[in-house]
Amino acid sequence: MPNNLDKKIFKKFDQIAKEKEKNILHSAIFKNGVQKIAFKNESLINMQHVFSEDIVTGKITAQNSSGRCWLFAAANVLREQTSKKLKYEDFELSQTYLMFYDKLEKANYFLESIIKTVDEDIYSRIVMFLLSIPMNDGGQWDMFVNLHEKYGSVPKHIMPESFHSSNSAVMNNLLTVKLREWASDIREKSSKGYSTAKLRNLKEKMMEEFYTMLISFLGRPPKKFDFEYRDDDKKFHSHRNLTPLSFAKKIIPFDPKDYVSIINAPSFDKPFNKTYTVKFLGNVIEGQKVLYLNLSSDELRKLSLKQIKNKIPVWFGCDVGKMLDGESGIIDPDIYDYESALGVKFGLDKGKRLEYGESLMTHAMVLTGVNVVNGKVNRWKVENSWGEKRGHKGFLNMSDKWFDEFTYQVVINKKFLTKTQLKKLEQKPIELEPWDPMG
C-alpha cells in the first residue's frame, strides 16, 4: 500500500468491513460495549472463591484515591503476622505514617538526583525523566524495607488517614511544583559555580519547607506513643513509651530484610538467573537498592506456593488492569474472548508486552491463598486494598494462567529459596534504565 491513506484503500477496507458487519456481534458491541459481549460465563463457574490453602486475614483495607498499593500490601503482610502474635484481629498499621516518610525521602532522593545530574543537558533523557514525575505514590518492596528499617511503624490509630493521604492527587501536584522549582534553582546555581556542598546547603532549606508542607497534608509523625488494646479474648494489654522503631522491633514479629524480590521478566534484555537493579529508583539514599532475581514463572509459582503453605502471605507486583472483572473479582486471561467478539487475533507474548510498552507492573497486592488440584495450582486468592465493596468482599480470584501472564514479581523469604538461587543473589546486579518496565 502507499505511505498515505487514500480513497482507493478506504474502498477496499469498506468492502472487507461490510462482510464482517453481517455478524450480529458487531451490532451487540455497538449497543452494549465489547466487555459485556466478550464476557465468558465459564470463568465465573470455574473460578470459585474457595482455596485448598487459605491464610486467615484481617479486614480488607482501602487505599482510596491514592497510589499506595505497595505500602498497603507490605503493611498487610506485616499485619497478618502481628495480629496472630497479639491475638488481635483488628490490628492495622498506619499507612499514612509510612507515606509521610516515603515522600520526605523521595524528595531528598529527587533533589540529590538533580544535583548528581547538573552537568547533563536539561533536555537529556535522564533529566527529562527525573523531571517527569518528581513525586508520586508508587514504590517497591525494597523501598518499604528502607522505611521500616529507618523509621519503624505505628498502629493506624496513632497516625490515622488524613484527607490527602486518601486523596493524594492535589498534594502530589503541589509537591511536584515545588520540587521542579527547586530543581530549576539547583541547576541555575550550579551554572553560576555553586559547589556540591553549597547546593546541599541550599537543599537543606528546601527540605525544611517540604517537611512543613507534609505536616499540613498528612499530620505530624509521632515520636513516642502508648499502644493499648484488648485482644480477641478481651484481655487488656499496654505497651508504654514506645518509639516507632521500638514498636517495630518489639511488637512486629517480621523482619522484611529476610525477604527478596523474585521477578519474571522474559524480555530479550533480561536473561534468567541474573540479578537486576534500576537506576534512580529508590527513596532512602543510604538504604538498600532495589534488587531483583529474574527466574521463570514456574519458579515464582513454586516459591509462592511454598511460602503460602507455611502460612506466610506473599507480596506481589502485577499488571492488575489486564483481563479483570471488577464486579466478580476475577482476573483471568480467559474471562473475555475479545478475539471472537472482534474477529481479530492478539499475538503479543509476555516478553513482547514488556518490550513494546503493552504491560508493566501497575499494582501490588498480597497472595493469601491457593487452590491445588492433583498437585497443580489452578487459582490464587488475592488480598487487595480497594475496600470491601470491590471484587469478592475485597478479594480477587486470580487464575494460574493469569499468574503466568501478568504477575511480574513476588517477595519471598530467603529460607524458601534453593541454595542455587541464594547463590545467584550474590551476583553484581545489572543496572536497568530508569524507564525500564521493571522500574
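**Salt bridges**

Colleague: How many salt bridges does the structure hold?
Modeller: The structure holds 35 salt bridges. Keep in mind that this is a predicted model.

Colleague: Which residue does aspartate 185 form a salt bridge with?
Modeller: Lysine 189. The closest N and O atoms are 2.6 Å apart.

Colleague: What about glutamate 355 and lysine 352?
Modeller: Their side chains meet in a salt bridge, 4.0 Å from N to O. They sit three residues apart in helix H15, so about one helical turn separates them.

Colleague: And how does glutamate 358 pair up?
Modeller: Glutamate 358 forms a salt bridge with lysine 322, with the closest N and O atoms 4.0 Å apart. That pair links distant parts of the chain, 36 residues apart. Glutamate 358 is in the loop between helix H15 and strand S10, and lysine 322 is in the loop between strand S7 and strand S8.

Colleague: New topic. Is aspartate 400 buried or exposed?
Modeller: Buried, because its relative accessible area is 11%, and the cut-off for buried is under 20%.

Colleague: Which side chain does aspartate 400 join in a polar contact?
Modeller: That of tryptophan 380, at 3.0 Å. Aspartate 400 lies in helix H16, residues 400-406.

Colleague: Which residues are linked with Asp400 in a network of salt bridges?
Modeller: Asp298, Glu299, Arg301, Lys302 and Asp404.

Note on methods
Residues are numbered from 1 along each chain as its sequence is written. This is a predicted model: local features need pLDDT of at least 70, side-chain atom pairs count only at pLDDT 80 or more; totals for chains, interfaces and linings use all residues. Side-chain values use heavy atoms; hydrogens and water are left out. Helices (H or I, at least four residues) and strands (E, at least two) are DSSP runs, numbered from the N terminus. Buried means under 20% relative accessible area, exposed over 50%, partly exposed in between (1.4 Å probe, protein chains only). A polar contact is a pair of N or O atoms within 3.5 Å; within protein, one must be able to donate a hydrogen and the other to accept it, and residues adjacent in sequence count only if both atoms are side-chain atoms.
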